[in-house]
Amino acid sequence: MNGEELTFKDGVDIMRNENLFLLGRAADQLRRQIRGENVTFVSSYYLNYTNVCAASCQLCAFYRKEKDDDAYTLTNDLIVKRAEVAIDQLKATELHIVGGFHPKLDMEYYEGMFRSIKKRFPKVIIKALTPAEIFFISKVTKNSIREVLMRLKEAGLDALPGGGAEIFNKDTRDKIVLGKCSGEEWLNTAYEAHKIGLRGNCTMLFGHIETPEDIVDHIIRLRELNKKTGGFTTFIPLKFSLENTRLEKEHTITTESPSTYDLRVIALARLLLANVLPNVSVYWIALGKKLAQVALCYGGNDLVGTAFSEEIFKAAGKPNQTTTNELKFLIKEIGRQPVQRDTFFKPINSD
């Protein structure tokens, strides 16, 4: 609270020992100092261009293999039609585009996707391809990470989502991720994106088999990168959803994390990141709307957004319907001020 940066040891102590209600009060007070009483959100549409994935992560219920009956890859024409629904009907200002690690898609597919969207909707923000996807595309197409990023930016890419980070600690990561980049590779890809002006959010998947040390290590690594680049727009702690995953089927995990743990992680993030990364987002899809309201009182200042047509958490059993009016109501119900924003946290006129 005095402005001193918390250390790794401090973070672990908070995770293991601190009184939860005192921790929440401190995080909420710090949130008020840094971000005030506004709670932001974006009108976003989630577009998953393929569910075909070369990886087989134990934590994922979304991926399919090419021969599976329900495997799909969207054409550019279908993607533009989806964008028309998102922008013309749902008034989305951001297209959040992610998918599986498709082993047969080339650079021209991604470039064509972005160019087609921008030709039809030049003002929409394309937030697409996580650092994990960029790393995979680099390997498949035999281009450097920088070359991939430069070409995609030229084609219309505006920002990167933060998925694929999961948990950085190698020992834990290897037990929940199979066929995905390492934590260091994820961070390096984000660094390369920031260097050429592509900002984006960052995430952490929690509530599976991680330790308190894993949580603190992950957030501090993001903090240190953001000190160098200032390229992250917000930090989004993502609660692991168990249903339909291999971790559930193999009985590695039998229950999802309790709400008290979820709130502790969000409060810790606020205290560890402080002024280095001022936005902490509450992902209501994973937490549920009521717990999300509580999390906004434990350090959160952003509700991520509408997430129209979100498929990845839906595949893991999480319902995800909302509207901008409902998000505004949820925010007003806890005595805060709703503010619709763009991808880069600039307020926009929502009328």
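This is a predicted model: local features need pLDDT of at least 70, side-chain atom pairs count only at pLDDT 80 or more; totals for chains, interfaces and linings use all residues.
1. Let's start with helix α1, which covers residues 8-17. Its buried residues are Gly11, Val12, Ile14 and Met15. Looking down the axis of α1, these fall within an arc of 155 degrees, so they line one face of the helix. As background, an α-helix has 3.6 residues a turn, so residues three or four places apart point the same way.

2. What is exposed on the other side of α1? That would be Lys9 and Asn17. The buried residues, for their part, pack against three helices: α2 (20-35), α9 (212-229) and α11 (259-273).

3. On to the largest pocket, with a volume of about 510 Å³. Its lining takes in 23 residues, and Met1, Asn2, Glu4, Leu6 and Leu271 are the ones nearest the centre.

4. Which helix gives the largest share of that lining? It's α2, with six residues. Helices α1, α2 and α11 each put in at least two.

5. Last, the strands. β3 (residues 94-98) runs parallel to β4, and the two pair over four bridges. One of the bridges joins Glu94 to Ile125 in β4.

6. Strand β4 itself spans residues 125-128. Ile125 and Lys127 point one way, while Ile126 and Ala128 point the other. Buried or exposed, though? All four residues are buried, Lys127 included.

Methods:
Residues are numbered from 1 along each chain as its sequence is written. Side-chain values use heavy atoms; hydrogens and water are left out. Buried means under 20% relative accessible area, exposed over 50%, partly exposed in between (1.4 Å probe, protein chains only). The arc is that of the directions from the helix axis to the C-beta atoms. Contact means heavy atoms within 4.5 Å. On a 1 Å grid over the protein atoms alone, a cavity is a set of points where a 1.4 Å probe fits but cannot get out, and a pocket is an open set with protein on both sides within 12 Å along at least five of seven lines; lining residues have an atom within 4 Å of a point. Grid points are joined across faces, edges and corners, and a volume is the space filled by probe spheres set on the points. Two strands pair if DSSP finds at least two bridges between them.
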